[in-house]
Amino acid sequence: MHNLDIDLVEMTMDVMKYSINRITNRNPVLGAPKKEEELRKIVGETITPEGIGGENAFQLFKDVLSRAIVPIDHPRHLAFVPASPTKAAVMFDLVTSASSIHGAYWMEGAGGIFCENEAMKWLVELTQMPEGAFGVFTSGGTAANLSAMVTAREHWRSKDESNQGEKGLMITSIGAHSSIKAMAKVIDVDVLLINSEDRLTGEELQNTIDGLDPHQRKRLFAVVATGGTTNAGIVDDLDGIASSCNKEEVWFHVDAAYGGGALAADSVRHMFNGIERSDSVTIDPHKWLFSPYDCGAVIYRNPELARNAHAQEGSYLDIFKDEGARGFNPSEYQIQLTRRVRGLPLWFSLAMHGTDRYKEAIERGIELALIAGKMIEENPLVELVREPSLSCVLFRRKGWTPEDYKNWTYKNHKAGFALVTPTKWKKGDEFETVARFCFINPDTTTKDIQEILDTME
Ligand SMILES: *Cc1c(COP(=O)(O)O)cnc(C)c1O
C-alpha cells in the first residue's frame, strides 16, 4: 500500500466534481494575477513536514489560486494565441494521466502510441506531404521547431564532411516566431532575418541567398517559413520558397504552430500550397486543434533523418530496439526521451467528434475574424491595419497612443471582462502600436466582439 494514498475516495470525488464543473463552464471567471507576496499572505505555507491536508490545499486552490489565473479558453480572451480545448480532449487528458503510459517506446506505450499515430496520420494528410512522411507529438511548437532544426543541421553536416566544423546559418523573416531565434541559440547556429513582417516570397528569399558571401552560403543549411505568423496570421509564399530551397538544396521548414489548424479549413487551404514540398512542419494542436496544454507536433518528409539525429543510445535502452519490441518509438524523432502520450487527448476528441466537426470549428475562427473586420470597417472610431488573415485581426483606434492601448487592456482585464492586448506592426522603419484579435474559441460571439469594440469609445 502506497503511504501517500490515504483519503483517496473522498479526494477523488472532489477532484472529479471540480474538473467536471470547470470543463462544462463556458464562462469561467477571468482571473488576474496577484503579486507573489500577496498570494503567500493569503495562502500561507502549504509545504510543511506534516502536510496541510488535501481538503485544505484544494480549497486554497479553488478559492484563491484558481482566481489568479486567466483561463485561456474564456470566449473574450482574444490575446496572444488563445485556446479552446474540447471537453472530450480535456476529459481524456485525465484518462491519459490516470493510465500511467510511458510514451517513449512502443514496447511500453504501444496502445497509447497507436492512438497518437492515428491522429498523426490525419495531421500528415492535411499537409499533403508524400507517402512516408510522418511525425511525433512534442511538448509544443518550440520543441517541435527545435527537433526539426536539429534534424536539418545534422543532415547538413552528414552530407559533407567539410560542414562538420562549420557553424550553421538559417534564413527566416522577422515575421517568424521568437522560438526560432531562441532555439537557434540552443543549437548554436546563426539566423539571418529578412527584414519584412509581410508575406515572405520565394523571390525575396532567392535574392537574399544570392546576396550571401561564399562562406555564408556554405553555412546555410535551412530556411524557416511561417504558415500563419503569430502576430498577423500571414502565410508565407510556401510554394515559391519551396522552389528556392529545392534549387539551393537547403532544408525547408514550415512553422505552422499557430496556423496549422487552418490546413483543415477549405476556405483558406490554398494559402498553404507548397507546404507539401517542405522537409518538416510544426503544428501545435494546443493552439488551433482544440487540445489541452501541452501538445505540439513535428512532421518530417523523411522521418529516418530525424531518427539519425535524435535516437538515443544507452545499454539500458537496447532492449527497446530489439526485434521483440519493434514498433514506432516516438523518442527517436524529437528531443525528449520519457514523454507523456500528449497526442492521446487529441486522438480521443477526433475519434469522438469526427474531423468534419474540427473543420467547422476552425472555419468559425476564420469567420469571426472576417466578421470582426466588417464591424471595424463600419465603426468610425477604428480602422483595419490590414485585411484579417486566418483568425488574426490587426486594427487601430484612431488617435490612440501606445499608452491608451495599454490602459484599455488593463481596464478590461481588471474588470474581469476581456483580455485583449495590443501588439506592434512594422510600417516602413517604424513600429506602430495597434490592437489585435486572435480567434480560436468557436464559442466567441459577435456580441462579445461588439462589446469589446464598445470599450474603445
Ligand atoms: C506559438 C508558436 C510557437 C511556439 O509554440 P509553443 O507551443 O508555445 O512552444 C512557434 N511558432 C509559432 C508560429 C507559434 O505561433
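Reader: Thanks! What radius of gyration would a compact globule with 457 residues have, and what does the protein have?
Author: Happy to start there, and please keep in mind that this is a predicted model. A compact globule with 457 residues would come out near 23 Å, and the protein has 23 Å, so the two agree. Along the principal axes, its C-alpha atoms fill a box of roughly 65 × 65 × 45 Å.

Reader: How much of it counts as buried?
Author: Of the 457 residues, 51% count as buried.

Reader: And how many helices and strands are there?
Author: The protein has 16 helices and eleven strands.

Reader: Let's look at strands, then. How do β10 and β11 run, and how many bridges join them?
Author: They run antiparallel, with six bridges joining β10 (residues 422–427) to β11 (residues 430–438). Together they form a hairpin with two residues between them. In that turn, G428 has a positive phi of about 65 degrees.

Reader: Which residue is the bridge partner of W425?
Author: That's E432, in β11. The side chain of E432 also meets that of R396 in a salt bridge, at 2.6 Å from N to O. This pair links distant parts of the chain, as R396 is in strand β9 (residues 392–397) and E432 in β11, 36 residues apart.

Reader: Are those two buried or exposed?
Author: R396 has a relative accessible area of 16%, so it is buried. E432 has 22%, so it counts as partly exposed.

Reader: How many salt bridges does a search of the whole structure find?
Author: It finds 27. Some share partners: K167, D188, D190 and R219 are joined that way into one network.

Reader: What about salt bridges inside a helix? Where does E118 sit relative to K121?
Author: Both are in helix α5 (residues 106–127), and because they are three residues apart, about one helical turn separates them. E118 is partly exposed at 33% relative accessibility, and K121 is partly exposed at 42%.
Author: Helix α12 (residues 303–310) holds another example, where E304 and R307 are three residues apart, about one helical turn. For that salt bridge, the closest N and O atoms are 3.5 Å apart.

Reader: Nice. Changing topic: how many aromatic pairs are there?
Author: The count comes to 15 aromatic pairs. Take W156 and F221: their ring centres are 5.7 Å apart and their planes are at 35 degrees, so this pair is tilted. W156 lies in helix α6 (residues 141–159) and F221 in strand β4 (residues 220–226), so the pair ties together parts that are 65 residues apart in sequence.

Reader: Are W156 and F221 buried or exposed?
Author: W156 is buried, and F221 is buried too.

Reader: Which residues do ring pairs link into a cluster?
Author: Y18, F58 and F61 are linked into a cluster that way.

Reader: Last one, the surface. Which residues make the nonpolar patch?
Author: V15, M16, I20, M91 and L94 make a nonpolar surface patch of about 350 Å². The elements giving two or more residues to this patch are α1 (8–24) and α4 (87–98). Helix α1 gives the most, with three residues.

Reader: How exposed is L94?
Author: L94, found in helix α4, has a relative accessible area of 32%, so it is partly exposed.

Conventions:
Residues are numbered from 1 along each chain as its sequence is written. This is a predicted model: local features need pLDDT of at least 70, side-chain atom pairs count only at pLDDT 80 or more; totals for chains, interfaces and linings use all residues. Side-chain values use heavy atoms; hydrogens and water are left out. Rings of Phe, Tyr and Trp (its six-membered ring) pair if their centres lie within 6.5 Å; planes under 30 degrees apart count as stacked, over 60 as edge-to-face and the rest as tilted. Helices (H or I, at least four residues) and strands (E, at least two) are DSSP runs, numbered from the N terminus. Buried means under 20% relative accessible area, exposed over 50%, partly exposed in between (1.4 Å probe, protein chains only). Patches are made of residues with over 30% relative accessible area and no salt bridge: like charges are joined within 9 Å, nonpolar side chains (Val, Leu, Ile, Met, Phe, Trp, Tyr) within 5 Å. Accessible areas come from the Shrake-Rupley method with a 1.4 Å probe; for residues, only the protein chains shown count as cover. A salt bridge is a side-chain nitrogen of Lys or Arg within 4 Å of a carboxyl oxygen of Asp or Glu. Two strands pair if DSSP finds at least two bridges between them. The radius of gyration is taken over C-alpha atoms; the globule rule is 2.2 Å times the number of residues to the power 0.38.
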